[in-house]
Amino acid sequence: MSDVQAPASARDRRSLPGRGWDAWPEYEAAAAGLRNYWYPIAWSNQVGKKRPVPVRVCGIDLVLLRSRDGAPHALHDRCLHRGVRLSKGSQEFPDTLSCAYHGWTYRLTDGELVGVITDGPESRMCGAVAVRTYPAEDRLGLIWVFVGDAAPHRLDEQLPEELLKAPPFAVGGRIDDREGNWRLFAENGFDEGHAKYLHRTSLWRLFKVMPTWNLIHIERDGRWLYRVEDERHWEADFPGLGRWTNQRWWKLKPRQTQGRMLGNTGGSSRNDPYIASLPLRGFASLALPGMLRIAYPQFIHYEFYVPIDENRTRYVGVMVQFKRGLQRLLFYLHYLTFIRWLFHGQFSEQDHWMVASTNAPPERLYRPDISIIEWRKLFCESEAGARATAPVEARPRQVERS
């Protein structure tokens, strides 16, 4: 008998699991995250001057603490003596962090060992070693840390441009650690198809009609990819199956069925003037290293997908409303009592549910996945493609003692 197998039948080929990510090798290699970027990793008010805060980003364990002047600092969360986490320690002297095990004491600004409590004031270890430090800044109510080996670029170069010289605004948000790789979260956020179907069951969309399907194209403007809607179909007849629509008698009818609009539920009779003035090509956009921007009529929603490691992602969801005075206070009240639980809670948890359930690659992509394909292309064509994989372990800096 011949060892050559007959070609698979057409029916067999239809059952094949699909393709891998070998067409995007840089993307496939970036499971642990991207180096040489700033990442938002904690709320500013969570990091103080006394209690060290442990975090993990791109597979690296960090510890956060503020110095006397209020500046945030990030150090590798590992004592060079025996490898105990520095986040278990305390601040025994101003602007330092002491390991809980033997009192090795490191300066916050540069990580240098400046004292060893259990070796006395003349310890010869002082100045001989230093833990690695990472640039850290306070912006938008968040602590940002630069992870990489290159000289850090200005954080302003990475923040959304519309927030740099904006009118007064209020910020609400939520940070959650979630199961799933950061790339899947980024793809889900920019995915054209899921929002209309998956989120139709969310309480946030209970009274608003979502389109059944759309025709879109992707435009690139600098570092941003825009998802631009060309056609919206609010109902459809499927051959041999019947009609499907998201419209129900209790749902608000869309004010606008076609054309450019903010959000994806049919526009609004009242758009925030600042948001409406922005030169956004589409209401949904995505930029490296994993920053989603969704422009709604009255607010802009941002999602930052921060890699914890290959299997977990820190979801940082931020809602910005350009309000001042009493309207600002009313926004905070509305956010804390309603929006936080429905939008950043149940609505966003549907995305978490799907990402945690995603088993790709392999995969079979379809027409609406042009958003995912263009995102992968942007990744591979950017500088990020050449520096894709984040280090698993940080290397301590060794200092010669004079």
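L140 sits in the loop that runs between β10 (136-139) and β11 (142-147). In this predicted model, the backbone of L140 takes a positive phi of about 55°, even though L140 is not a glycine. The residue is partly exposed, its relative accessible area being 23%. A second case of this kind is N36, again not a glycine, with a positive phi of about 65°. N36 belongs to the loop between α2 (25-28) and β1 (37-43).

Zooming out, the protein chain contains 7 helices and 21 strands. Of its 402 residues, 53% are buried. Its accessible surface amounts to about 20,000 Å², and carbon and sulfur atoms account for 53% of that surface. As for contacts between residues at least 6 apart in sequence, 63% link residues at least 24 apart.

How many of its residues are buried? The count is 7 of the 7, so β3 is largely enclosed by the rest of the structure. In a regular strand, side chains alternate between the two faces of the sheet. Here both faces of β3 are covered, with I60, L62, L64 and R66 buried on one side and D61, V63 and L65 buried on the other.

The strand has partners on either hand. β3 is part of an open sheet of 4 strands, ordered β2-β3-β4-β9 and paired antiparallel. The edges of this sheet are β2 and β9 (133-134), each of which pairs on one side only. Strand β2 (residues 53-57) runs antiparallel to β3 and is joined to it by 5 bridges, with R56 having D61 as its bridge partner in β3. The two strands make a hairpin with 2 residues between them, and C58 in that turn has a positive phi of about 55°. On to β4 (residues 72-76): its pairing with β3 is antiparallel too, over 5 bridges. L62 has H76 as its bridge partner in β4, while L64 stands opposite A74. This second hairpin has 5 residues between its strands, and G70 in the turn shows a positive phi of about 90°.

Among the helices, α3 (residues 182-190) has 9 of its 9 residues buried, so it is largely enclosed by the rest of the structure. The buried residues of α3 are W182, R183, L184, F185, A186, E187, N188, G189 and F190.

Helix α6 also holds Q346, which is partly exposed at a relative accessible area of 28%. Between Q346 and W204 there are 8.0 Å in space, C-alpha to C-alpha, against a sequence separation of 142 residues. With neighbours within four places in sequence left out, the contacts of Q346 are T201, S202, L203, W204 and W341. The side chain of Q346 reaches the backbone nitrogen of L203 at 2.9 Å.

P361 lies in the loop between α6 and α7, and the peptide bond joining A360 to P361 is cis, with omega about -5°. P362 is in the loop between α6 and α7 as well, and the bond joining P361 and P362 is also cis, its omega being about 5°. E363 is found in that loop too, between α6 (325-357) and α7 (370-381). With a relative accessibility of 15%, E363 counts as buried. What does E363 touch? Not counting residues up to four places away in sequence, its contacts are P17, G18, R19, W21 and R376. The side chains of E363 and R376 are joined by a polar contact of 2.7 Å.

Note on methods: Residues numbered from 1 in each chain as written. Predicted model: local features only at pLDDT ≥ 70, side-chain atom pairs only at ≥ 80, totals over all residues. Heavy atoms only, no water. Buried < 20%, exposed > 50% of the residue type's maximum accessible area, 1.4 Å probe, protein only. Pairing = 2+ DSSP bridges. Polar contact = N/O pair within 3.5 Å; in protein donor to acceptor, adjacent residues only side chain to side chain. Contact = heavy atoms within 4.5 Å. Areas by Shrake-Rupley, 256 points an atom, 1.4 Å probe, with all protein chains shown as cover.
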